[in-house]
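Visitor: Hi, could you walk me through this one? I'd like to start with the overall layout and then look at one helix.

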Amino acid sequence: MSSSPVLLFVIVGKNEPLYEAEIDTSSSSSMAPSNSSGGAGGGGGGAGSPSQQQQQNELSTRQNYFVLHSALDLVEKSVYSTSNMYLRVVDKVNQQQVSTFVTAANVKFMLLHGGKGEEVIKNFFGEVYGYYVKLSMNPFYKYDTPIMSKAFDARVRAAARAYLS
């Protein structure tokens, strides 16, 4: 069983994250975008303190980003030891795992998850890579810049629902 229903998917370019998505797998429609906007998702009421729950979610999100960021060194090390694009699990922290896929242009697709199957994650990365290649061929997209396409975001989230839920 996974410890958290929230998955964190990040595409990292040469110097900065190009795309970020927090994907909530506990419900099918509650997927909050996280492309540089810090908007709070509407709450669903409840008897507990919403600010305490919000603080806990924020802390968890910060920890998730820290785990992914710290795994970047391990990814760089792994890239030079294999010729495969799919690097599998490169780091494990507190029942969470970081799986990585690296493109030929050294763009890293990183997924923080609670122990999904390797084949499922490989298929997810393969599909997202196809979307990324199509985006890269778009003459209006400048290479190694943040991805702001709503269509790309929708496709990645649909792939996550299909493969990772």
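Guide: Helices here are DSSP runs of H or I with at least four residues, strands are runs of E with at least two, and both are numbered from the N terminus. This is a predicted model, where local features need pLDDT of at least 70 and side-chain atom pairs count only at pLDDT 80 or more, while totals for chains, interfaces and linings use all residues. Residues are numbered from 1 along each chain as its sequence is written, and side-chain values use heavy atoms, with hydrogens and water left out.

Visitor: OK, how many helices and strands are in the chain?

Guide: The chain has three helices and five strands. Going along the sequence, the pattern is β-β-α-β-β-β-α-α.

Visitor: And in what order do the strands sit in the sheet?

Guide: It's an open sheet with the order β2-β1-β5-β4-β3, and the pairing is antiparallel. Two strands count as paired if DSSP finds at least two bridges between them. The edge strands, β2 and β3 (86-93), each pair on one side only.

Visitor: How many bridges join β4 to β5?

Guide: Six, with β4 covering residues 96-102. For instance, S99 has L111 of β5 as its bridge partner.

Visitor: Switching to α3: which of its residues are buried?

Guide: F152, D153, V156, R157, A159, A160 and L164 are buried in α3. Buried means under 20% relative accessible area, exposed means over 50%, and partly exposed is in between, using a 1.4 Å probe and protein chains only.

Visitor: Why are they on the same side of α3?

Guide: Because they cover an arc of only 160° around the axis, taking the directions from the helix axis to the C-beta atoms. The face turned away from that buried side carries the exposed residues K150 and A162.

Visitor: What do the buried residues of α3 pack against?

Guide: They pack against β1 (6-12), β2 (17-24), β5 (108-113) and α2 (118-136). Contact here means heavy atoms within 4.5 Å. α3 lies across β1, β2 and β5, at about 45° to β2. For angles like that, axes are lines fitted to C-alpha atoms, for helices over the stretch in contact, and the values run from 0 to 180 degrees between N-to-C directions.

Visitor: What about α2, which strands does it lie across?

Guide: α2 lies across β1, β2, β3, β4 and β5, running at about 140° to β5.

Visitor: Last one: how much of the chain is buried?

Guide: Buried residues make up 36% of its 165 residues.
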